Amino acid sequence: MHDLELVNLADESLLPCQVTTQTDGDTYELRLNRANASPIRVHSSIDFEDTLRQLRAELEQQNLLLLCNRYRRDAFVSSMSRQMSEGLSCYVVVAGEPVSPELLVESLGPAPRSDVVSAEEASKFIDEWIASFDD
């Protein structure tokens, strides 16, 4: 179980929540519980990275962001990190530098509000990071 916070983008208020993961080896389930709201459950037959993407989309539709490492602007998930951790690890990347084992973090670890952005913003950052190797 991961004790995290959601940020409401309308007023930047913080809402405590808990995220749990469960797998039987064939199905991956991620569940987000918060006070006074129905739980959000997402399932995948691929891995937890897939459930994290689904959850992010659902939360963004509700004008919320989950303050976790995976939703940071500089979070990158490689195919190897997905295989090794079932999608529960990601790299924190720096422009012009390759991924580094020292920068592998738990996807559901807490992250500061200043680092967490929308999926669109994160995708733009990662595209720029990849392009930084062409310089």
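1. Strand E3 (28–34) is mostly covered, with five of its seven residues buried. Buried means under 20% relative accessible area, with exposed over 50% and partly exposed in between, for a 1.4 Å probe and protein chains only. Strands (E, at least two residues) and helices (H or I, at least four) are DSSP runs, numbered from the N terminus.

2. This is a predicted model, in which local features need pLDDT of at least 70 and side-chain atom pairs count only at pLDDT 80 or more, while totals for chains, interfaces and linings use all residues. Residues are numbered from 1 along each chain as its sequence is written, and side-chain values use heavy atoms, leaving out hydrogens and water.

3. E2 and E3 pair in the antiparallel sense over seven bridges; two strands pair if DSSP finds at least two bridges between them. Thr 20 has Arg 31 in E3 as its bridge partner. The hairpin of E2 and E3 has four residues between the strands, and Gly 25 there takes a positive phi near 95 degrees.

4. E3 also runs antiparallel to E4, joined by five bridges. Here Arg 31 stands opposite Arg 41. Five residues lie between the two strands of this hairpin, and Asn 36 in the turn has a positive phi of about 60 degrees.

5. The largest nonpolar core has 21 residues, and Leu 32, Leu 55, Leu 59 and Leu 66 have the most contacts inside it. Such a core is a set of buried Ala, Val, Leu, Ile, Met, Phe, Trp, Tyr and Cys residues joined through side-chain atoms within 4.5 Å. Among the elements giving it two or more residues are E3, E4 and helix H1 (48–61). Apart from it lies another core, of five residues, including Phe 76 and Trp 129. In soluble globular proteins, nonpolar side chains tend to be buried together.

6. Which residues does Leu 55 touch, not counting those up to four places away in sequence? They are Leu 30, Leu 32, Ile 40, Val 42, Leu 66 and Tyr 71, where contact means heavy atoms within 4.5 Å.

7. In strand E7 (residues 89–92), Ser 89 and Tyr 91 point one way and Cys 90 and Val 92 the other, and all are buried. In a regular strand the side chains alternate between the two faces of the sheet. Ala 75 stands opposite Val 92, and Ser 89 has Glu 106 as its bridge partner.
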